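Have the sequence and the 3D view open as you read.

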Amino acid sequence: MTRKFAIFLIFAIAITFVTSQELNLGYDLLNLITPEVPQTPKVPFKTVDYVNLTRFAGKWHTIARKYFFFERNCRCETAEYSLRKDGLVEVVNKCKWNGQRPIVVKGSARPIDDTNSKLIVEFYEGILKAPYWVVALDDDYQWAMIGNPEQLYLYILSREPTLDDSIVLKLILQAKDLGYKLENLIFDYDCDK
């Protein structure tokens, strides 16, 4: 672990701990650094067969997401993807911190196989890396679900700020079949995106 990453991690844990104590949310330090145990999936954790990155590029709105402490105060999240000349995908995530102040985080993603459905996303010059697996995707690229086998995060995305409830329910049921615990699913409706 690099010194820069260690300092960042300690800072993030401390801020989260202090904030949660101030808000009386009941988190303890152990819960912040140990991920919840994933459920046994009812079906194998797999991605979609193929993602056309050109079609996937553009703006996506977060409709629902699993709680992740780095995003604990984010609301009205969007992600914009664009293809770079070097073959990577430019990532620009935006949200309203505490529902007010805009936050922008830039990063990049690279496919790890020929399907383009498994990517590694990097932020803060590679300090934070995470698998970004496309586990569901509309044929017309109007909605998608992103997750990872460790079940640390889950995103239901749409090209529009809203998504039909029947599609959201279908994706939630698929996520449950993949083993996700969804008690802490956060919905991002009513956003002026």
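## A buried arginine and a strand beside it

In this predicted model, a polar atom of the Arg-159 side chain lies 3.3 Å from the backbone oxygen of Phe-56. The side chain of Arg-159 also reaches the backbone oxygen of Arg-55, at 2.6 Å. You will find Arg-159 in the loop between strand S8 and helix H4 (165-177).

Is Arg-159 buried or exposed, and what is the nearest side chain of opposite charge? Arg-159 is buried, and that nearest side chain is Glu-160, 8.0 Å away. Leaving aside neighbours within four places in sequence, the contacts of Arg-159 include Gly-58, Trp-60, His-61, Tyr-141 and Gln-142.

| Strand pair | Sense and bridges | Residues between strands | Positive phi |
|---|---|---|---|
| S7 and S8 (residues 154-158) | antiparallel, five bridges | six residues | Gln-151, near 60° |

Met-145 in S7 is a handy landmark: Met-145 is the bridge partner of Ala-136 and stands opposite Ile-156 in S8.

In a regular strand, side chains alternate between the two faces of the sheet. Trp-143, Met-145 and Gly-147 point one way from S7, while Ala-144 and Ile-146 point the other way. Five of the five residues of S7 are buried.

Methods
Residues numbered from 1 in each chain as written. Predicted model: local features only at pLDDT ≥ 70, side-chain atom pairs only at ≥ 80, totals over all residues. Heavy atoms only, no water. Buried < 20%, exposed > 50% of the residue type's maximum accessible area, 1.4 Å probe, protein only. Helix = DSSP H or I, 4+ residues; strand = E, 2+ residues; numbered from the N terminus. Pairing = 2+ DSSP bridges. Lys, Arg positive; Asp, Glu negative; His and termini not counted. Salt bridge = Lys/Arg side-chain N within 4 Å of Asp/Glu carboxyl O. Polar contact = N/O pair within 3.5 Å; in protein donor to acceptor, adjacent residues only side chain to side chain. Contact = heavy atoms within 4.5 Å.
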